[in-house]
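Please consult both while reading the points below.

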Amino acid sequence: MNKVAVKVSEDETRLFGHALITFPQELGSSPGLRLSIMRKSKDAPYLGAAGWQARPATVEAAVVSRGANSATLVVGPEVCDQIPVDLQVKIEVEGHDIEGSAFWPPIPPSPGAWSQELTPFKMSIPQAIERELEEALEQVVELPRVVEPKPQPLAQPPKKRRFLYLLIPLALLLAGGGYYIADSRGWFNNPEPLLARFERLRLTDTNGVELFALSGEAYREGAGGIGLQAINLAMERGNKDAKLEIARWYDPSSFEPSRADRPDANRAARAYFELSVEGETAAREMLRSLCAKSASSPQDLGFNGFLKDTYCEGTLE
């Protein structure tokens with residue numbers, strides 16, 4: 001088997017759950033290939049249509065580009081949703097004498113049955129209410145005309161006051177009707193959907209501050225796919241709060257099973273260490289706590305394979 005360097009990255013031209021796999025070798029002319037994706041596991045090392053399994057299996061991939069000495073394939077959510085971040089996998093191409101290993105990158109999972117189409121958020125007022133308001137306005141416009149007595153020289157001030165008394169309620173009624181229409185149609189309160197906000201911030205938020213805030217809101221509303229992609233993008237753009245939050249998810253002491261696939265002490269410690277070097281006091285304290293926990297609880301499965309000598313020896317002072 002010819003071993004080569006395989007590159008795996010997120011396919012940013014597709015929304016959620018797609019990865020590009022590039023081999024440094026031509027793979028024929030077929031538009032589709034089948035891949036054997038394997039991990040280190042005694043019970044379920046092969047990825048198939050039903051997830052990880054014991055028997056050898058393959059998954060479908062489409063060829064999206066070919067070069068003189070390369071071929072790039074794309075796999076979708078049926079593959080990406082099954083592979084956790086940083087898992088080392090071995091990939092073989094069925095019918096070709098080639099294999100490569102790679103660590104799986106952060107690729108947001110697909111958000112279920114989402115249609116992948118951006119639709120404008122609209123609020124409509126029921127026709128019955130709208131018609132009722134129009135009739136009310138028509139009645140205001142068709143108020144009976146008041147016949148005033150012939151003006152007398154001494155009656156000028158009362159006449160002006162009567163005219164003013166007629167205009168004030170009419171103006172208030174018209175203003176109230178206009179506000180009711182505007183408010184009922186959502187002109188004063190038309191919240192932007194999470195997905196539309198994410199797409200906007202993906203283009204405009206260069207430091208990841210708003211993306212990090214959007215991530216927390218998305219998780220609270222049950223939109224984990226958007227939340228994960230927003231926080232990963234915030235971290236890629238240098239947002240330290242996002243990086244620290246993701247590290248806490250994987251820290252065995254503060255593991256978040258709803259957001260991370262498994263405790264990973266090495267991943268958490270690496271982020272803490274890098275942030276500590278950049279002067280983040282909170283990250284330094286969390287790294288010290290992680291090292292202390294690994295020393296006091298060596299039987300904790302979350303610390304299996306923990307590189308204690310790398311992250312816990314020496315000083316950051």
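Accessible areas come from the Shrake-Rupley method with a 1.4 Å probe. On that basis, the accessible surface of the chain comes to about 19,100 Å², and 54% of this surface belongs to carbon and sulfur atoms. The model is a predicted one. Its chain contains ten helices and ten strands.

**The chain as a whole**

- Of the 317 residues in the chain, 36% count as buried.
- Among contacts in the chain with a separation of 6 or more, 58% are accounted for by residues 24 or more positions apart.

**Strand S8 and its partners**

- Strand S8 covers residues 70–75, and five of its six residues are buried, so the strand is largely enclosed by the rest of the structure.
- Strand S3 (residues 19–23) pairs with S8 in the antiparallel sense, over five bridges. Within this pairing, Leu20 has Val74 of S8 as its bridge partner.
- Strand S7 (residues 59–67) also runs antiparallel to S8, and five bridges join the two.
- S7 and S8 form a hairpin, with two residues between the strands.
- As background, side chains in a regular strand alternate between the two faces of the sheet.

**Gln88 in strand S9**

- Gln88 is located in strand S9, which comprises residues 88–93.
- The relative accessible area of Gln88 is 36%; because buried means under 20% and exposed over 50%, this residue is classed as partly exposed.
- Leaving aside neighbours within four places in sequence, Gln88 is in contact with Met38, Arg39, Lys40, Ser101, Ala102 and Phe103.
- Gln88 and Pro105 are separated by 17 residues in sequence, and their C-alpha atoms are 9.7 Å apart in space.

**Helix H5**

- Helix H5 has twelve residues (209–220), which at 1.5 Å a residue should span 16 Å; the C-alpha atoms at its ends are 17 Å apart, in agreement with that expectation.
- The buried residues of H5 are Leu211, Leu214, Ser215, Ala218 and Tyr219. Viewed down the axis of H5, these buried residues fall within an arc of 135 degrees, so they line one face of the helix.
- The cover over the buried residues of H5 includes helix H4 (194–204), helix H6 (224–236) and helix H7 (240–250).
- Gly222 follows H5 and has a positive phi, near 85 degrees.

**Cysteines and the disulfide**

- A disulfide is a covalent bond between the sulfur atoms of two cysteines. Counting cysteine sulfur atoms within 2.5 Å as a disulfide, the total comes to one disulfide.
- Cys291 and Cys312 form this disulfide, with their sulfur atoms 2.0 Å apart. The torsion about the S-S bond of Cys291 and Cys312 is about -85 degrees, so the disulfide is left-handed.
- Cys291 belongs to helix H9 (residues 281–296), whereas Cys312 is in the segment after helix H10 (308–311), so the pair ties together parts that are 21 residues apart in sequence.
- Cys291 counts as buried because its relative accessibility is 13%, and Cys312 counts as buried at 19% relative accessibility.
- Cys80 likewise counts as buried, with a relative accessibility of 4%.

Methods. Residues are numbered from 1 along each chain as its sequence is written. This is a predicted model: local features need pLDDT of at least 70, side-chain atom pairs count only at pLDDT 80 or more; totals for chains, interfaces and linings use all residues. Side-chain values use heavy atoms; hydrogens and water are left out. Helices (H or I, at least four residues) and strands (E, at least two) are DSSP runs, numbered from the N terminus. Buried means under 20% relative accessible area, exposed over 50%, partly exposed in between (1.4 Å probe, protein chains only). Contact means heavy atoms within 4.5 Å. The expected span of a helix is 1.5 Å times one less than its number of residues. The arc is that of the directions from the helix axis to the C-beta atoms. Two strands pair if DSSP finds at least two bridges between them.
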